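Here is a short briefing for a first look. Keep the sequence and the 3D view side by side as you read.

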Amino acid sequence: MQTLVEFHLPRVTSTNDYARELLTAHDAVLVTAQHQTAGRGRNGKTWVGDHGANIYASFGIKHNHLLIAEELASFMARGALSVYDTLLASVPGRSFRLKYPNDVLVLADDGWSKISGILVEHEFHGSTCVSTVVGIGVNVEQDVFPDTIAQRCTSLHRLGISVSIEYLLAQIRDRFVQYVSTPWQEIHDRWVEALQLDSVRMTLMDEDAPHTPLRVLTDGRLIIRNDHTQQERIITDGDTLRYQH
């Protein structure tokens, strides 16, 4: 990976947007902020967070070679694994898992709750991907989450865990730099392991029937099977999935 240039800011609209702008002058950047005024998640959803309470960070990378589909898909796994492995190492005694494709969940007293989300945005010139931005949000010290958030959320502070934002961010950064240089095949295998799909049953937003995940393709798509009809379906968007706790 190219030399990472870091920018730590008090306030931005979106760390992803700022990182993308900086890639016009740099090959690889890390942008962090104490607050985002227009942070977002997947599918245009708003990412809500208190000022100075969480990790708001984005990695931006220019690509100097043509990327195949498997390499492109591996960036969401690289971002998720950077957070997942950091939390495993920094918070002993707690269970973590990935929710397809790249949310990080923690086992709280009332079940699995989201503690981190990753947003990956690729920029293309024609059919060629010229850059990738990986946005990472981790709930560290925030205690209250809006009722408008569909998925149950928590933070390390709500779990009674005290870890500094600076420490976690440094660990995530170091792992991300390492994983960007790791072959996509190794990343894929580690990602599938962290998804723990053998223990998951799920429903879909448009179907109440339970579904069983079968396998994750190397390009990141998930194949699931309807437990009633035995029909298989390909999923590319984790927002359509509802895990059965």
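Which residues are buried in helix α1? Thr-15, Asn-16, Ala-19 and Leu-22 are buried in this helix, which spans residues 15–22. Buried means under 20% relative accessible area, exposed means over 50%, and partly exposed lies in between (1.4 Å probe, protein chains only).

This is a predicted model, in which local features need pLDDT of at least 70, side-chain atom pairs count only at pLDDT 80 or more, and totals for chains, interfaces and linings use all residues. Residues are numbered from 1 along each chain as its sequence is written, and side-chain values use heavy atoms, with hydrogens and water left out. Helices (H or I, at least four residues) and strands (E, at least two) are DSSP runs, numbered from the N terminus.

**Helix α1**

- An α-helix has 3.6 residues a turn, so residues three or four places apart point the same way.
- The buried residues of α1 pack against β1 (5–9), β2 (28–33), β3 (55–62), β6 (111–125) and β7 (128–138). Contact here means heavy atoms within 4.5 Å.

**Helix α2 against α4**

- Two packed helices are described by the angle between their axes and the distance between the axes.
- The axes of α2 (residues 69–90) and α4 (residues 184–195) come within 9 Å and cross at roughly 55 degrees. That makes α2 oblique to α4.
- Axes are lines fitted to C-alpha atoms, for helices over the stretch in contact, and angles run from 0 to 180 degrees between N-to-C directions. Angles under 35 degrees count as roughly parallel, over 145 as roughly antiparallel, 65 to 115 as roughly perpendicular and the rest as oblique.
- The crossing of α2 past α4 is left-handed. Left-handed means that the near helix is turned anticlockwise from the far one by less than a right angle, and right-handed that it is turned clockwise.
- Residues of α2 in this contact include Met-76, Leu-81 and Leu-88, and those of α4 include Trp-184, Ile-187 and Trp-191. The contact of α2 with α4 has nine nonpolar, one polar and five charged residues.
- Ala, Val, Leu, Ile, Met, Phe, Trp, Tyr, Cys and Pro count as nonpolar, Asp, Glu, Lys and Arg as charged, and the others, Gly among them, as polar.

**Helix α2 against α3**

- The axes of α2 and α3 (residues 165–180) come within 8 Å and cross at roughly 130 degrees. The two helices are therefore oblique to each other.
- α2 passes α3 in a right-handed crossing.
- Among the α2 residues that meet α3 are Val-83, Thr-86 and Ala-89; their partners in α3 include Leu-168, Ile-172 and Phe-176. This contact of α2 with α3 has nine nonpolar, five polar and three charged residues.

**Backbone and loops**

- Most residues other than glycine have a negative phi, and most peptide bonds are trans.
- A cis peptide bond joins Tyr-100 and Pro-101, with omega about -5 degrees. Pro-101 lies in the loop between β4 (96–99) and β5 (103–108).
- Gln-196 has a positive phi, near 50 degrees. Gln-196 lies in the loop between α4 and β8 (202–204).
- Gln-230 has a positive phi too, near 65 degrees. Gln-230 lies in the loop between β10 (222–226) and β11 (232–235).
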